[in-house]
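Reader: Please take a close look at the inside of this chain. I want to know how its side chains are packed, with the cut-offs behind each term.

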Amino acid sequence: MKSLYYYLSALVIATFLVVSCKTQNAQKATTDITGKTWKLTELNGKPIELKNPKNNPHFKLNMDGMRYEGHAGCNGFGGTFEIKPEIMRIKFNQGMSTMMACEDLDIENQFTKAVLAADNYSVNGNTLTLNKARMAPLAKFVLQ
């Protein structure tokens, strides 16, 4: 009887540890990308070449209201997003943008298309990659 009690206790403790670790990993995955500013470095596998380096596109994900906001190069943009950190899925919903013209408008257009097309992400250190399905990365960012 003692050994049955011992094995049941061990099973309960092991189950608790597994559930606890999964919860911590899901929370860590979310905090890995939210609340931080991500600066664009590559689009469709190519480094970005800006005519005006001050216009480097960037964005930030805010868990409060599930909103994204940023600067697409010339114009500010923002909207809402959905995230499933346990499976690294993300979806950016069509938002709003200002409509000013500038010299890096082509990069801006590619950037906003990549963000809206993304359905998953990966994080490697200070690098965030937005992807679509299993295709090559749409956009790469570094932590600013």
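**A close look at the packing**

Author: C74 is buried, with a relative accessibility of 8%. Buried here means under 20% relative accessible area, exposed means over 50%, and partly exposed lies in between, with a 1.4 Å probe and protein chains only. Residues are numbered from 1 along each chain as its sequence is written, and side-chain values use heavy atoms, leaving out hydrogens and water. This is a predicted model, where local features need pLDDT of at least 70 and side-chain atom pairs count only at pLDDT 80 or more, while totals for chains, interfaces and linings use all residues.

C74 has a partner. It forms a disulfide with C102, and the two sulfur atoms are 1.3 Å apart. A disulfide is a pair of cysteine sulfur atoms within 2.5 Å. The structure holds 1 of them. The bond links distant parts of the chain, 28 residues apart: C74 is in the loop between β4 (67-71) and β5 (76-84), and C102 is in the loop between β7 (96-97) and α2 (105-117). Helices (H or I, at least four residues) and strands (E, at least two) are DSSP runs, numbered from the N terminus. C102 is partly exposed, at 27%.

Now the rings. Rings of Phe, Tyr and Trp (its six-membered ring) pair if their centres lie within 6.5 Å; planes under 30 degrees apart are stacked, over 60 edge-to-face, and the rest tilted. By this rule there are 7 aromatic pairs. F59 and F92 make an edge-to-face pair, 5.9 Å centre to centre with 85° between the planes. F59 is in strand β3 (residues 58-62) and F92 in strand β6 (residues 89-92), so the pair ties together parts 33 residues apart in sequence. F59 is buried at 1% relative accessibility. F92 is buried too, at 3%.

F111 and F141 have ring centres 6.0 Å apart and planes at 65°, so this pair is edge-to-face. It also links distant parts of the chain: F111 is in helix α2 and F141 in strand β10 (residues 139-143), 30 residues apart. Both F111 and F141 are buried. One aromatic cluster takes in F59, Y68, F77, F81, F92, F111 and F141.

Next, the nonpolar core. The term means a set of buried Ala, Val, Leu, Ile, Met, Phe, Trp, Tyr and Cys residues joined through side-chain atoms within 4.5 Å. The largest core has 25 residues, and F59, I90, F92, F111, L130 and F141 have the most contacts inside it. At least two core residues each come from β1 (37-43), β3, β5, β6, α2, β9 (127-131) and β10. The largest share, 4 residues, comes from α2. In soluble globular proteins, nonpolar side chains tend to be buried together.

Finally, an exposed contrast. K46 is in strand β2 (residues 46-47). At 59% relative accessibility, K46 is exposed. Its C-alpha atom is separated by 8.9 Å from that of A139, 93 residues apart along the chain.
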